[in-house]
Amino acid sequence: MTIHKIEPHHAEQFQKQGYLYPVNVLSAAEAAGLRGKLEAHEAEHGMLAGAQRHNSHLLFTWVDQLMRHPVLLDAVEALIGPNILVRGSSFFVKEAHDQRFVSWHQDATDWGLSPLEVVT
C-alpha cells in the first residue's frame, strides 16, 4: 500500500523498523519529467559518472528543486522533525536487466552525525 501522507503510526514504524516505504512523493508526470531531464543530459553528455553522480543537487537545478519538493520535505519532517540538512545526493542508475546491485547497507555509520536521525 502506497503511503501518501506520513501519519503518526508511520513515524512509529520508521523508528522501530528503520525504514518506511513506499512513500508517494511525485506524480507520474513529475517523475517522468525528471527522468526526461536525466536522460536528456545523458544523451548529450554520456552517462553520469564521477562527480556528476554525487552531490548532483549542486550541479543540476532540477535535482535541487526535487530535494526541496514540499511533499518530500513534509514526509521527512514527519519522520525526523523540522531541522533538515541535506548531506548529499547520489544517483545509482540501474538500467533494466542490469545485473549489478547495491547491497543492503547502513549509510549513517560512516557519516559521524549525532543524533542519528537520518533518512535516505
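The model is predicted, so local features need pLDDT of at least 70 and side-chain atom pairs count only at pLDDT 80 or more, while totals for chains, interfaces and linings use all residues. Residues are numbered from 1 along each chain as its sequence is written, and side-chain values use heavy atoms, leaving out hydrogens and water.

Let us start with helix H1, residues 8-17. Helices here are DSSP runs of H or I with at least four residues, numbered from the N terminus. His 10, Ala 11 and Phe 14 are the buried residues of H1, where buried means under 20% relative accessible area and exposed over 50%, with a 1.4 Å probe and protein chains only. Seen down the axis of H1, these residues fall within an arc of 100°, so they line one face of the helix; the arc is that of the directions from the helix axis to the C-beta atoms. Pro 8, Gln 15 and Lys 16, on the other side of H1, are exposed. After H1 comes Gly 18, with a positive phi near 85°.

Now to the rings. Phe 60, Trp 62 and Phe 91 form one aromatic cluster. Rings of Phe, Tyr and Trp (its six-membered ring) pair if their centres lie within 6.5 Å; planes under 30 degrees apart count as stacked, over 60 as edge-to-face and the rest as tilted. Trp 62 is buried, at 12% relative accessible area. The ring centres of Trp 62 and Phe 91 are 6.1 Å apart with planes at 55°, so this pair is tilted. Trp 62 lies in helix H3 (residues 61-67) and Phe 91 in the segment after H4, so the pair ties together parts 29 residues apart in sequence.

Conventions: Helices (H or I, at least four residues) and strands (E, at least two) are DSSP runs, numbered from the N terminus.
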